Amino acid sequence: IQIESAGKVRQSEERYRLLVEQASDGIFLSDQDGWYLQANAAGCQMLGYSLEELLSMNVRQVAAADELDRIPLRIPELLAGKVLVTERLLRRKDGSLFPVEISAKALPDGQLQAIVRDITERRQAQEQLRISEERLRQSQKMEAVGLLAGGVAHDFNNRLQVMRGYA
């Protein structure tokens, strides 16, 4: 029975590991000081670091410098049981910045879990939508000006016809 139970535990651990490693979002585990303890393959790829490199780093090293001033890490809130969802910029190994959505919470053992989603495409789509809406507003303004000008020209033409008739 113990051998069968050990086999089920191993199978369960393999499924869990597969689930975490195959996730499309980055999954990170850190201590309360922000030092990485674990990361899945998507997280490493997203940041451009190997797992070994990340395990020697602090979360503050991948956050954009001005982002930490603007959006602090809020670790005490996490430790108080809050689940925090925020957007911020992270820095890849090559120095490039990219926007992410982070869902973070404290685990029962006090470690911090963060699920990180790259939202570059979402931001690009939002920007394209904003540009399209601005173009539509401009087009509507031009149409309104055109209608107004047409109305004024029509009224002016009517008055000219009256003056011609008198002349």
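Buried means under 20% relative accessible area, exposed over 50%, and partly exposed in between, computed with a 1.4 Å probe on protein chains only. The model on this tour is predicted, so that local features need pLDDT of at least 70 and side-chain atom pairs count only at pLDDT 80 or more, while totals for chains, interfaces and linings use all residues. Residues are numbered from 1 along each chain as its sequence is written, and side-chain values use heavy atoms, with hydrogens and water left out.

Begin in helix H6, residues 120–166, where helices (H or I, at least four residues) and strands (E, at least two) are DSSP runs numbered from the N terminus. Select Glu 134, which is partly exposed at a relative accessible area of 33%, and then Arg 137, also partly exposed, at 40%. Their side chains meet in a salt bridge with 3.2 Å from N to O, the term standing for a side-chain nitrogen of Lys or Arg within 4 Å of a carboxyl oxygen of Asp or Glu. The two residues are 3 apart in the helix, about one turn. The structure holds 6 salt bridges.

Select next Asp 118 and Arg 92, whose side chains form a salt bridge at 3.4 Å, N to O. Asp 118 belongs to strand E5 (residues 112–118) and Arg 92 to the loop between strand E3 (84–91) and strand E4 (97–106), so the pair ties together parts that are 26 residues apart in sequence.

Move on to Arg 74, Glu 77 and Lys 82, which are linked in a network of salt bridges. Between Glu 77 and Lys 82, the closest N and O atoms are 3.5 Å apart.

Finish at strands E1 (residues 26–30) and E2 (residues 36–39), which pair in the antiparallel sense over 3 bridges; pairing requires that DSSP finds at least two bridges between two strands. Leu 29 stands opposite Gln 38 in E2, and in the hairpin, with 5 residues between the strands, Gly 34 takes a positive phi near 95 degrees.

Here, too, select Phe 28, buried at 6% relative accessibility, and Tyr 36, buried at 7%.
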